[in-house]
Structure formats: C-alpha cells, structure tokens
Amino acid sequence: MATTQVETVATKPSQTLTHGRSAAMEAIEDITYGSIAGIVGKYIEYPFDTVKVRLQSQPDHLPLRYTGPLDCFRQSIRADGFLGLYRGISAPLFGAAAETSSLFFFERIGRGAVYASGLYSRDTVLPLPALWFTGAFAGAFTSLVLTPIELVKCKIQVPMSADGSTSKAPSVMSVIRNVYKHEGLKGFWHGQMGTFLRESGGCAAWFGSKETTTKMFYLLNERSATSQTEKDALATEALPLWQQAVAGASAGMSYNFLFFPADTIKSRMQTAPVGGSGRPKTFWQEGKALWNQHGLRGLYRGCGITVFRSAPSSAFIFIVFDGLKRYVPM
C-alpha cells in the first residue's frame with residue numbers, strides 16, 4: 001500500500017516511526033502509560049462491569065434474580081450501597097493496568113513481527129489490515145495474563161456457594177487460596193478459552209476500529225483543509241479531542257459486542273463454586289448448557305450495559321495513552 005500523507009498521521013503516537021529510540025524505552029513507555037490509562041478506564045467502567053457479571057452469572061436452575069441492568073443496579077445498591085458496586089476493585093485495578101499495558105506492549109511486538117516478515121518496509125506505516133492483525137496478536141498473548149486476574153475478580157463480584165446462592169464476598173487472598181487448594185495452579189486459567197477468543201478477536205476489533213475511525217477523520221479533515229499549509233499541519237497535529245474520543249469509543253463498542261458470547265461463557269465458568277463434587281465444565285460444555293437453557297439471548301445477557309460502559313472507558317484509555325505518548329515522551 002502506497003504511503004500517503006494521511007497514512008502517516010492516521011496512527012496513534014505509538015505507531016509513528018520512532019527511529020533512534022531504544023526498544024527497551026519504547027517498552028517501558030508502553031507499560032507505564034498503558035497502566036495509567038487502564039486504571040483510569042477501570043474506575044469509569046467498574047460499576048457497570050459488576051452489573052454485567054451479575055447478569056451473566058445467574059444460575060440456570062433458579063429463577064432469574066434480575067430482570068435487566070436497571071433492576072440489577074437497584075437491587076445491588078439497595079443491598080450493598082453504591083460503593084458495593086466497586087466491591088473487589090483492587091484486583092481489577094491491577095488487572096486493568098496489566099491488561100492495557102500488555103495490549104500496547106504486545107501490539108508493538110506484533111508490529112515488529114510484521115515488519116520482520118518483510119511484507120512491509122520499516123520506513124512505512126502499516127496499513128489497516130495489518131493493524132487489525134497486530135491487535136489480534138496482542139489480545140492472544142494478553143489473554144494469558146488476564147485469565148487469572150479475571151477469575152479472582154469474578155469470584156469476588158459474584159460470590160457463589162455450591163447450591164447456587166450468594167455468600168459473603170471473599171477477599172482476594174481467600175479466593176486465591178481456595179482456587180489453589182481445590183484446583184491447583186491450573187485452576188487460575190479456568191476459562192482461558194473464553195478469554196482467548198474474546199481478547200484475540202475483540203482486540204483485533206479494538207485496535208482496528210480505533211485506527212480505521214482515526215484514518216477516516218484524518219481523511220475528512222484533509223478534504224476540508226483549504227490550503228496546502230493546513231494539509232501539511234495535519235501530519236504533525238493530533239486529532240481534535242472529540243474525534244479522538246469517538247475513535248476510542250468505537251473501539252470499545254466493537255470489542256465488547258462482537259465477541260460477547262465468549263465473555264458470557266467465561267464469566268459463568270469463573271463464577272462457578274470451586275470444591276464441588278463434579279468436575280468443572282469446559283468452555284464448550286458451558287456454552288452448550290447456556291444455549292439449551294436460554295438460547296442466543298442468554299449468550300448476550302448484559303451486552304447492552306457492557307457496550308454502553310465501554311464507550312467512555314475506551315475513549316479515556318486511548319486519550320490518556322495517546323496524550324502521554326505525544327506530550328510526555330520518555
């Protein structure tokens with residue numbers, strides 16, 4: 001794909017050419033700024049995430065506890081107060097920092113692998129299809145980091161006893177001890193298949209949608225420019241803040257909607273009580289049981305609120321990360 005002026009700017013700062021900077025410094029920057037952006041995004045989205053997990057994890061053999069997101073909000077606040085929606089946020093804050101920093105770190109490694117393949121010159125910016133691939137690459141590796149963290153988070157958000165009733169919310173360490181006692185080290189990766197599918201496919205959409213929308217805005221801005229001087233300025237200027245927000249929001253909504261069924265199955269697996277007499281269900285067994293019980297609607301239970309909360313969260317993540325990369329380089 002020929003390199004044009006628009007292609008040069010239609011990238012986030014982490015994808016601009018940075019000759020002369022060490023790979024180690026780029027990695028440190030990705031990890032540090034990705035962690036900060038992830039923590040900001042998690043504070044915004046966490047109450048909605050708690051509601052989402054509670055909707056997804058309602059037992060099959062009991063009547064539905066919540067009729068929808070608003071009812072879940074009402075019951076949760078009535079039972080535990082508003083701060084109850086932030087129950088267990090310590091592990092997710094760590095998880096958000098680990099997830100977001102890992103995504104940007106592995107996405108950079110993915111781009112390096114694409115360049116190393118010889119398909120594209122290192123002096124050019126990667127085209128959009130390659131950026132969708134690097135997003136999938138980042139998500140696949142990040143899923144290995146994320147599964148244990150999400151397992152602990154889900155068990156704190158939806159404390160479940162063997163009979164399907166809720167119990168007192170456990171601490172992070174008690175969850176870790178309980179999982180290790182009954183299932184060993186491999187128990188922390190229960191639900192890995194769901195996380196892998198969600199992250200690899202979802203992150204392809206996350207990075208890809210963000211880059212596609214960003215490029216669209218640069219094309220529109222270039223067309224509205226009245227002089228060559230204005231067009232040249234586009235090569236060095238960031239998009240207006242509202243356009244950055246729209247690009248980030250589109251990324252979050254695409255990520256969450258396209259692979260939501262995988263996340264639903266994963267949440268059900270990870271909220272199941274440990275230490276019971278039966279063997280834990282596999283990803284496909286859990287998915288089949290959910291399909292037989294509730295059909296397609298059950299797979300998308302909680303999707304609306306998830307897509308809704310992902311828009312501002314993802315917008316802030318990209319704005320914070322891109323802003324730090326551009327204005328506070330290491």
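Trainee: What pattern does the protein chain follow, read along the sequence?

Mentor: Keep in mind that this is a predicted model. Along the sequence, the protein chain reads α-α-α-α-α-α-α-α-α-α-α-α. In total the secondary structure comes to 12 helices and 0 strands. As for burial, 54% of the 330 residues of the protein chain count as buried.

Trainee: How many cavities does a search of the whole structure find?

Mentor: The general idea first: rolling a probe the size of a water molecule over the atoms shows where empty space is left. Here, the search turns up 2 cavities of 30 Å³ or more. The largest cavity holds about 450 Å³ of space.

Trainee: Which residues lie nearest the centre of the largest cavity?

Mentor: Those are Lys42, Glu45, Glu99, Tyr255 and Arg309, out of 31 residues in the lining. That lining splits into 10 nonpolar, 10 polar and 11 charged residues. Several helices supply at least two lining residues each, including helix 2 (23-56), helix 5 (128-157), helix 10 (260-271) and helix 12 (303-327).

Trainee: On to charges. How many salt bridges does a search of the whole structure find?

Mentor: In general, side chains of opposite charge can pair when their charged atoms come close. In this model the search gives 18 salt bridges. Take Lys325 and Glu26, whose side chains meet at 3.6 Å, N to O. Lys325 sits in helix 12 and Glu26 in helix 2, so this pair ties together parts 299 residues apart in sequence. Lys325 and Glu26 are both buried.

Trainee: Which residue forms a salt bridge with Lys153?

Mentor: Asp49 does, with the closest N and O atoms 2.9 Å apart. Since Lys153 belongs to helix 5 and Asp49 to helix 2, the pair ties together parts that are 104 residues apart in sequence. Again, Lys153 and Asp49 are buried.

Trainee: And where do Lys52 and Asp263 lie?

Mentor: Lys52 is in helix 2 and Asp263 in helix 10, so their pairing ties together parts 211 residues apart in sequence. Their side chains meet in a salt bridge of 2.8 Å, N to O, and both residues are buried. Salt bridges with shared partners join Lys52 and Asp263 into one network, whose members also include Lys42, Glu45, Asp49, Lys153 and Arg309.

Trainee: Now the surface. Which residues make the nonpolar surface patch of about 540 Å²?

Mentor: Phe141, Leu144, Tyr180, Leu185 and Trp189 make that patch. Leu144 lies in helix 5. Because its relative accessibility is 45%, Leu144 counts as partly exposed.

Notes:
Residues numbered from 1 in each chain as written. Predicted model: local features only at pLDDT ≥ 70, side-chain atom pairs only at ≥ 80, totals over all residues. Heavy atoms only, no water. 1 Å grid on protein atoms, 1.4 Å probe; cavity = no way out; pocket = protein on both sides within 12 Å on 5 of 7 lines; lining within 4 Å. Points joined across faces, edges and corners; volume = space filled by probe spheres on them. Helix = DSSP H or I, 4+ residues; strand = E, 2+ residues; numbered from the N terminus. Nonpolar A, V, L, I, M, F, W, Y, C, P; charged D, E, K, R; others polar. Patch = residues over 30% accessible without salt bridge, like charges linked within 9 Å, V, L, I, M, F, W, Y side chains within 5 Å. Areas by Shrake-Rupley, 256 points an atom, 1.4 Å probe, with all protein chains shown as cover. Salt bridge = Lys/Arg side-chain N within 4 Å of Asp/Glu carboxyl O. Buried < 20%, exposed > 50% of the residue type's maximum accessible area, 1.4 Å probe, protein only.
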